[in-house]
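Subject: Structure handover

Hello,

Here is the structure we talked about. My notes follow below it.

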Amino acid sequence: MDAIDHKALAELLFPDVKMTPEDLEAKYPPRDLPEGAAVTRLAPSPTGFIHFGNLFPAITSERLAHQSGGVFYLRIEDTDAKREVPGAVEIIINSLAYFGVRFDEGAVMDGDRGNYGPYRQRQRREIYHVIAKKLVADGLAYPCFCTEEQLDDIRARQEKEKANFGYYGEWAVCRELSLDEVKKKLDAGMPYVLRFRSNGSIENKIKHIDLIKGELMLTENDIDHVLLKSDGIPTYHFAHVVDDHFMRTTHVIRGDEWLSTLPFHLQLFDALNWKRPKYLHNAPLMKSEGGSKRKISKRKDREAALSYYMEAGYPAEAVFEYALNTLNSNFEQWRMANPDSPATEFKFSVKKMSPSGALLDIDKLRDISKNVIAKMDARTVYDLLTEWAKAYDPEFHDIITKDPEYTINILGIGRGGKKPRKDAAVWGDFRDLISFFYDPLFKPEYEYPDNLNKDDIIAILSEYQGIYDPADDNQVWFGRVRELAEKHGCCPDMKKYKEDPSGYKGHVGDVSMVLRVAVCGRTQTPDLCEIMRIMGAEMVHRRIAQAIENLKAAD
RNA sequence: GGCCCGUUGGUCAAGGGGUUAAGACACCGCCCUUUCACGGCGGAGACAGGAGUUCGAUUCUCCUACGGGUCACCA
């Protein structure tokens, strides 16, 4: 068998490529970073949809880089034009920025930033071709002219023979094409892809250490995978190896769906004599359904989209902390010990990452979110709430921004101190929580304690109209309620009532409840005295009058 | 089907030959309390199954089951 002239083939295929791999090495030198600094990246394809699951590798990458004084960059994998959606890059950048993931380098809003670009793969065509040419010249890649039909046929035969699928060994019919044959096909204008010439065998096992999964026993790759598609654009595999080499990535963090092609990637790094990056493969985020787990699906699950969390109004910080907690479960211990430190001070550890897929736990997210919101001051809550409402609940936004001071006072109820209220998990909860403070949103449901009859209630309310004084502090305020209770046959002392309820219609709590229901139109509220103070005497009196009227009209 | 990965309470998980097998969320009960929320105290609840190695396996090995991934000119 005559050895084909690989150099001649390389020239034939890539006559315009003049640069050499050495030129590229010089253009993209190793980064000047301190020892141990990690260079990581996020490499999404611009489909316009960001999966919630993407947040996990994104945060892992971001933490690893920024915690070590390294670099975190964004690379756009736009090698598949069919799936690309206009404006997708902006959506990616904006959504991730919202959740606290920021890039130092890469594809940013207006073009690119950094010395290792371009950061959009379609603009890197020449770079891939330089390496592709070298691979051909070294006899490690060859053109394949097989049509789709031919490939289908190969597969059908493999299925019949129960052989492994793929383009390899004897099935790789274009592998040994002579220079003349290639020339002929080229002259005939036949399209071709460039394939890697694998020298691997599935008989061989390779050991590889993944930073998350640990020691892996993988099967060597024997498939002649496609490096360049017929349009000259690289496949993911080739782009990954070339880009992460020249962008000097140290840690590749990606989903574990890539595990099966990892042997090929390693093989490519070795074939090019490049240093392999470290790999971290993480399991996908799961969802529980009917007692079993399954991967969260973009089609079936609303919560799969990152935008879902923005719409529901989870504070970005809460989502960030939730993700951090799922990634490193010791985060919550750290959070308890450091309640006021920013989450970025937490020492993120790769060793703590679980090799198996976590289930999305909305309860946990809500709990974290409640704590995050509870720690904010009223002004911050106001700013974030109104910002959210502006986008997702404009009617509510207009109502609460009419009198900012009033709203901030409302949002300040039960806030601060050692045991702050935790009744809101998302911005969307606030509408219901505070609606009764605003006349346009006030939809009272008058449910009074049933141990008091209608006349008692009317009497209590009418009398309260005369004694309410907005100047009263909490003690005085409650003192008046007690007096009122006693006057209407209710025990002013809860303890005493519990010991012996006989001789009373009810207790002071019932009277408070009557006032609460009349003023707020509901049975569950924060501290009533504070509510009244914030509402102001006019509104309190008006609400009580309205309640009395409603009672009288009920007959 | 081939190959690969995974499996500790309902959920997230610590632990990695000898432990009463942490903690958090959720759940339940009690307490605090003018309702709710908060907070405090307590409760129930787990090493997928089977072999093997060992004096001893949740921990190491193998098999089975289950779950997941992948086998494209998609990433």
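A residue counts as near a strand if one of its heavy atoms lies within 4 Å of it. Please keep in mind that this is a predicted model.

With the 4 Å limit applied to the atoms of RNA strand B, 68% of those within reach of the protein belong to sugar or phosphate, and the rest belong to bases. On the protein side, 59 residues surround RNA strand B. Thr79, Lys229, Lys364, Arg421 and Thr525 are the closest.

- Base: a polar backbone atom of Ser230 is 2.9 Å from a base oxygen of RNA strand B.
- Sugar or linking oxygen: an N or O atom in the side chain of Lys364 is 2.6 Å from such an oxygen of RNA strand B.
- Phosphate: a phosphate oxygen of RNA strand B lies 2.9 Å from a polar side-chain atom of Lys422.

A separate item is helix 8, residues 236–246. Eleven of its eleven residues are buried. The buried residues include the charged pair Asp243 and Asp244, as well as His237, His240 and His245. Arg248 follows helix 8 and has a positive phi, near 60 degrees.

Regards

Key: Residues numbered from 1 in each chain as written. Chains lettered and ligands numbered in written order. Predicted model: local features only at pLDDT ≥ 70, side-chain atom pairs only at ≥ 80, totals over all residues. Heavy atoms only, no water. Polar contact = N/O pair within 3.5 Å; in protein donor to acceptor, adjacent residues only side chain to side chain. Buried < 20%, exposed > 50% of the residue type's maximum accessible area, 1.4 Å probe, protein only. Helix = DSSP H or I, 4+ residues; strand = E, 2+ residues; numbered from the N terminus.
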